Amino acid sequence: MGNTKKDYLKKQFHLETKNPVFRQALDFCERVADSHANVLLTGESGCGKEIASRYIHACGRRSSQNFVAVNCSAFTETLLESELFGHEQGSFTGASKTHTGKFELANHGTLFLDEIGDLSFTTQVKLLRALETKQIERIGSNTTREIDFRLICATNQDLPLKIKNHEFREDFFYRISTIVIRIPALRERREDLPALIDFFFRKLQKENGIVIHTLDNAVKDFLFEYNYPGNIRELRNIIERMVILSRNGTVTEETLPILYNIGNAAPKNQEIFSSVIPWKEYKTKSEKEYLSWVLNQLDGNVAEASRKLKISSRQIFNKIKEYDLR
């Protein structure tokens, strides 16, 4: 692939970087793009693994074919099997019509499986067979379908540790990880912050029909000093909040969520609390704000929120209902 096309794609996916670690990761993406090797992308949640997978697809010989993405943690085991393999009409209760699975949709193209570490052992076995034979059967069908696809997986979990703890199949791990590429966290490539901040401000002003003229100095300090544990996804969400809550083209300190105003990340000399309120009211307000932020970071994925917060999905759903979160 020529440098002109690479430069164009990096600009299109906004992957231009000054960071040597990220630059090497992108180089690996380019070098593996034309191969048939299965790729495993690792890195923290929100660091850009799906963008990297789309870049691999765009750089390779399958770029004119479908790129099909599936978040494995967004489905129950039964629904995920149907989502991947498809099903025939009447094959189970609720199967009112034939459903074409993601494997078939990705035929001749790329199948991207995000949150691969959340797969059950049963699903891992079925996927392993599909990877080895390049054949699938829809649920409720005896017809074998030949599928030609390129697999890219992603995870923010330590799969070798999960294997050691008997939570992930070793044979499946080796099948999906011919090439492993780690995508660095945003805090590891802070030299890219100016370009990313500028990009998201331009993009989100256009999307929301709002024009920003000025950022308060405290806001600028925050944007460049904050550690971004939620990575690029969090940066985007913060800037979107700033754009939407701006007044007369100015972004002020009041646009920062309560969560960011507490602790070392707060802008210097900021007045965090405006009045004394009952302790119970403060706890409720803080809990609502934090849960809303967590769900926003995880794109509304309750299963992932449950795992990270170490509380049950039922508790989270109860809180969503209690606080009327959307």
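Before anything else, a cut-off: buried here means under 20% relative accessible area, exposed means over 50%, and partly exposed is in between. Keep that in mind, and keep in mind that what you are looking at is a predicted model.

Let me start with K102, which sits in helix α5, residues 102-105. Is K102 buried or exposed? Its relative accessibility is 19%, and the cut-off is under 20%, so K102 counts as buried. Leaving aside neighbours within four places in sequence, K102 is in contact with V68, V70, E83, L84 and L111.

L111 takes us to the nonpolar core. The largest one has 28 residues, and L111 is among those with the most contacts inside it, along with F103, L113, I116, F172 and I176. The elements that give two or more residues to this core are β2 (67-71), α4 (77-85), β5 (110-114), α6 (121-133), β8 (150-155), α7 (159-164) and α8 (170-176). The largest share comes from α6, with four residues. As background, nonpolar side chains tend to be buried together in soluble globular proteins.

Take I176 from that list. If we do not count residues up to four places away in sequence, I176 touches N38, V39, L40, I116, L131, L151, C153 and F168. There is also another core apart from the largest one, with 23 residues, including L15, L41, C59 and I181.

β1 covers residues 39-42, and both of its faces are covered. V39 and L41 are buried on one side, L40 and T42 on the other. Which strands does β1 pair with? One is β8, which runs parallel to β1 and is joined to it by four bridges. In that pairing, V39 stands opposite I152. The other is β9, residues 179-182, again parallel and again over four bridges. There, the bridge partner of L40 is V180.

Next, helix α3, residues 49-59. Eight of its eleven residues are buried, so α3 is largely enclosed by the rest of the structure. The buried ones are K49, A52, S53, Y55, I56, H57, A58 and C59. They pack against α1, α2, β1, β2, β5 and β8.

The largest pocket holds about 830 Å³. What lies closest to its centre? Of the 35 lining residues, the answer is G46, G48, E50, I51 and R233. Helix α3 contributes here too: at least two lining residues come from each of α1 (3-12), α2 (20-32), α3, β2, β5, α9 (193-208) and α11 (231-245). By type, the lining divides into 17 nonpolar, seven polar and eleven charged residues.

How many cavities of 30 Å³ or more are there? The structure holds one. The volume of the largest cavity is about 50 Å³. Its lining is made up of A33, D34, S35, I56, H57, G60, R61, R62, T110 and R150. Two of those lining residues are nonpolar, four are polar and four are charged.

Two backbone points. E115 is not a glycine, yet it has a positive phi of about 55°. E115 lies in the loop between β5 and α6, and at 10% relative accessibility it counts as buried. The other case is Y228, again a residue other than glycine, with a positive phi near 50°. Y228 is found in the loop between α10 (217-225) and α11, and it is buried, with a relative accessible area of 1%.

Last, S313, in helix α14, residues 313-323. With a relative accessible area of 28%, S313 is partly exposed. Its contacts, not counting residues up to four places away in sequence, are V302, A303 and S306. V302 is eleven residues away along the chain, and the two C-alpha atoms are separated by 6.3 Å.

That is where I will stop.

Key. Residues numbered from 1 in each chain as written. Predicted model: local features only at pLDDT ≥ 70, side-chain atom pairs only at ≥ 80, totals over all residues. Heavy atoms only, no water. Buried < 20%, exposed > 50% of the residue type's maximum accessible area, 1.4 Å probe, protein only. Contact = heavy atoms within 4.5 Å. Core = buried A, V, L, I, M, F, W, Y, C linked by side-chain atoms within 4.5 Å. 1 Å grid on protein atoms, 1.4 Å probe; cavity = no way out; pocket = protein on both sides within 12 Å on 5 of 7 lines; lining within 4 Å. Points joined across faces, edges and corners; volume = space filled by probe spheres on them. Nonpolar A, V, L, I, M, F, W, Y, C, P; charged D, E, K, R; others polar. Pairing = 2+ DSSP bridges.
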